Amino acid sequence: MIGIVDYRAGNLTSVARALESLNEPCMITNDSRLLDDASHIIFPGVGAAGAAMANLRESGLDGHLKKWVQNGKPVLGICLGTQVIFDRSEEDDTPCLGIVPGVVKRFPADLREGEQRLKIPHMGWNRVAFRKNHPVFAGIPEDAEFYFVHSYYPAPADETWAAGWTDYGIRFCSAVARGNLVAVQFHPEKSGRPGLILLANFCRWGGSDAQ
Amino acid sequence: MLSKRIIPCLDVRDGRLTKGIKFKENVDIGDPVQAARAYYEQGADEIVFYDITASAEARAIMLDVVKRVAETIFIPFSVGGGIRTVDDMRQVILAGAEKVSVNSEAVKNPGVIRDGARAFGSQCIVLGMDVKKVLASREIPSGYEMVIHGGRTFTGLDALRWAKEAERLGAGEICLNSIDADGTRDGYELDLTALISSHVGIPVIASGGAGKPEHLLDVLTRGKADAALIASMVHYRTHTIPEIKNFLHDHGVKTRLQW
């Protein structure tokens with residue numbers, strides 16, 4: 001059973017629907033005891049970092065998330081879920097969970113690609129250059145694109161955490177991975193077939209980043 | 001680098017698909033869930049649903065359509081038509097849509113943009129704009145005026161001023177429809193699209209007038225649009241999404257070719 005962590009950060013049903021289409025049983029819950037029993041944890045979310053962290057602290061799920069990552073349970077962060085596992089976010093200058101060393105930064109206002117001024121949020125389909133040989137990214141075509149919508153991006157302090165890179169005026173880290181943790185800035189549940197491949201890989205993953 | 005998005009627009013009435021030609025003579029072409037699945041499989045980057053009726057009974061039918069679409073396709077989709085309140089937005093979002101679009105309702109009550117953005121985030125709120133070209137005046141300096149009720153009612157609101165105001169209120173995206181070009185299949189209104197897109201910091205989806213792939217090339221380059229809405233040119237199988245994407249790719253526009 002896949003546990004989807006509900007911490008009142010947006011509508012989580014789209015993740016559940018994508019898993020259902022893969023015939024993966026899942027539950028959306030804020031009950032840490034149920035999540036303790038889940039084989040895998042998905043930590044999604046959209047919205048603002050400040051409100052998300054407040055909800056995590058209030059519900060006590062912040063401590064449980066750290067525990068699941070430390071105990072070796074496979075954990076997948078998505079979008080805001082990925083951002084709040086860092087030390088800190090520039091959004092509302094929010095102290096976050098500190099699971100991944102580094103800061104979540106705002107895209108610079110004068111982001112450009114050649115002559116063209118780029119819009120913020122980074123909204124739409126873009127490529128991800130994944131780290132080779134990670135089981136969760138296996139079988140994803142090289143030129144596949146994923147759906148993004150965000151104004152802040154993860155900047156790991158230690159680049160060995162980075163597992164995927166995307167270009168949008170700057171080159172930013174769009175996926176991190178270490179041990180039993182994978183976290184992505186894009187929305188695999190809204191990225192068509194390549195996203196479903198990633199989710200299916202995660203659901204079958206034992207939590208080791210060695211191939 | 002972001003791909004330019006190609007977005008089929010599906011007009012829905014009483015749970016069935018229609019395609020408005022010049023907004024009036026609608027032709028019923030089938031089940032919206034099946035159509036959404038077909039476009040998803042053909043590589044649509046997003047899908048827009050527009051609920052034409054939006055009466056109380058039709059709203060319940062539409063929410064059921066949204067639920068079934070959300071179980072069937074795994075790309076973003078938005079729903080517009082008759083969304084007046086944050087509670088209307090919540091119902092559509094909980095049924096599974098990523099985005100809601102507000103149009104006439106926001107002209108009458110701009111606060112709904114701010115309230116929606118606060119409740120769900122700007123990324124959920126699309127401002128739909130129906131625009132007509134008029135003589136530039138002190139009241140309408142851009143020469144483009146906001147119209148509502150499918151183009152029947154002039155509002156006295158300047159389109160450029162309204163786009164900037166909506167961005168300030170928290171709209172995350174603009175779907176910009178030229179009433180003059182809509183249904184003509186003669187091409188998008190490039191001047192209007194470029195004007196709005198270059199004056200706001202949020203993405204602009206161009207709408208109205210698409211008849212052939214060249215029109216999309218024009219609006220995504222000279223028109224500076226971030227995405228292009230298409231309807232009859234694919235609904236009637238005159239063109240297909242892969243054909244349009246390949247054409248754009250061959251002319252140097254980045255599109256998503258792998259899905």
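## Exercises on a two-chain model

The contact between the chains takes 25 residues from chain B and 30 residues from chain A, where two residues are in contact if their C-beta atoms, placed from the backbone, lie within 7 Å. By class, the side of chain B that touches chain A has 11 nonpolar, seven polar and seven charged residues; Ala, Val, Leu, Ile, Met, Phe, Trp, Tyr, Cys and Pro count as nonpolar, Asp, Glu, Lys and Arg as charged, and the others, Gly among them, as polar.

This is a predicted model, in which local features need pLDDT of at least 70 and side-chain atom pairs count only at pLDDT 80 or more, while totals for chains, interfaces and linings use all residues. Residues are numbered from 1 along each chain as its sequence is written, and chains are lettered from A and ligands numbered from 1 in the order in which they are written.

**Exercise 1.** Find the order of the strands in the open sheet of eight strands in chain A, and state which strands stand at the edges.

*Solution.* Strands (E, at least two residues) and helices (H or I, at least four) are DSSP runs, numbered from the N terminus, and two strands pair if DSSP finds at least two bridges between them. In chain A the order is β2-β1-β3-β4-β16-β15-β14-β11, with mixed pairing. Next, β2 (26-29) and β11 (129-130) of chain A each have a single partner strand, so one side of each is left without a neighbour in the sheet. Finally, β1 (residues 2-5) of chain A pairs with β2(A) in the parallel sense over four bridges, and Ile2(A) has Cys26(A) as its bridge partner.

**Exercise 2.** Work out which residues stand opposite Ser89(A) in β7(A) and in β6(A).

*Solution.* Begin with β5 (residues 86-89) of chain A, which pairs with β7 (residues 100-106) of chain A in the parallel sense over three bridges; there Ser89(A) stands opposite Val104(A). Then turn to β6 (residues 94-95) of chain A, which runs antiparallel to β5(A) and is joined to it by two bridges; there Ser89(A) stands opposite Thr94(A).

**Exercise 3.** Describe how α8(B) and α10(B) cross.

*Solution.* The axes of α8 (residues 213-221) and α10 (residues 241-250) of chain B come within 9 Å and cross at roughly 50°, where axes are lines fitted to C-alpha atoms, for helices over the stretch in contact, and angles run from 0 to 180 degrees between N-to-C directions. The contact is made by Pro213(B), Leu216(B), Leu217(B) and Leu220(B) of α8(B) and Glu243(B), Ile244(B), Phe247(B) and Leu248(B) of α10(B).
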